[in-house]
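Please read the following points with the sequence and the model side by side.

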Amino acid sequence: FSLQIEGTRGKQLSIYLRFAWVLCTWCTCASICQSMLQLCSSAQLQALSEFYNATNGINWDYGSCPYVWNFTGIEINPCREQWCGITCIDDQTSIRDLSLSVFGLKGRLPQSIDQFVDLEILDLSGNELSGRIPSSLRNLTKLVLLNLFNNKLTGSIPSIFSNQSNLKQLVLTLNQLEGTVP
C-alpha cells in the first residue's frame, strides 16, 4: 500500500506504517506456518504418551533407529522428528502407521489407542504385551493391518473385528487368546 504524507513527521509516520505492515504480514505468515507445523493433534500426542508409559517405553529397544520417542521440549512433533516406528499421513497431521515390532514393549495396550483415527497399520508383533485386546480398537475404522503376533495377550478374541470393513490382515497367533476370529 502507499500513503503520501509530507514533511519530516510524514516520513517518520511512513516508516512506522511500513514497519507495522511488515510486522503484520510476518505475524500472519508466522501464524499460518505455526498452524501448518501443528502436525499431530494434542489427543494423539497424549495417546502416544499413554502408550509409551503403558508399554514401558523407557526400556524399549530401538535397535539401530536413531529417532527415539522424546516427550520433552516445547514443540513435540513425532511426524517432523521421524520417531521410530511412526509414519504420518502425507499432510503430517495424523499418524498412519505404528510399527513397533520386536521393540521390547511390555504391559497393556491403553484404551486411548483409538485416538489414532487415521491409523491403517498397527504392528506390535514380537513383544511382551499382556492383558486383553482393547475394545477401543473398534474405533480405528481405517485399520488395514493389525499384527499382534507373538505377545502375551489373554482373554477372548473380541467381536469388534467383525465390523472392521477395511481390515485385510489380522494376526493374533502365539498369544493366549480364546475363541475364533469373527
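1. A residue is called buried under 20% relative accessible area, exposed over 50%, and partly exposed in between, using a 1.4 Å probe and protein chains only. The model is predicted: local features need pLDDT of at least 70, side-chain atom pairs count only at pLDDT 80 or more, and totals for chains, interfaces and linings use all residues. Residues are numbered from 1 along each chain as its sequence is written, and side-chain values use heavy atoms, with hydrogens and water left out.

2. The predictor's confidence in each residue, pLDDT, runs from 0 to 100. For the protein chain the average is 84, and 79% of the residues score at least 70. Over residues 23–38, however, pLDDT stays under 50, and the model has 3 contacts beyond four places in sequence for this stretch; a contact means heavy atoms within 4.5 Å.

3. Side chains of opposite charge can pair when their charged atoms come close. A salt bridge is counted when a side-chain nitrogen of Lys or Arg lies within 4 Å of a carboxyl oxygen of Asp or Glu. The structure holds 3 of them. One joins R80 to E75, with 3.3 Å from N to O. R80 is partly exposed at 34% relative accessible area, and E75 is likewise partly exposed, at 42%.

4. In a further salt bridge, the closest N and O atoms of K142 and D118 are 2.5 Å apart. K142 lies in the loop between β5 (128–131) and β6 (145–147), and D118 in the loop between β3 (106–107) and β4 (121–123), so the pair ties together parts that are 24 residues apart in sequence. Strands (E, at least two residues) and helices (H or I, at least four) are DSSP runs, numbered from the N terminus.

5. K152 belongs to strand β7 (residues 152–156) and E128 to strand β5, 24 residues apart. Both are partly exposed: K152 at 41% and E128 at 36%.

6. Two strands pair if DSSP finds at least two bridges between them. Strands β1 (residues 86–88) and β2 (residues 95–99) pair in the antiparallel sense over 3 bridges, with C88 opposite I95. They form a hairpin with 6 residues between them, and Q92 in the turn has a positive phi of about 55 degrees. Strand β2 also pairs with β4, in the parallel sense over 3 bridges; there, L98 has L122 as its bridge partner.
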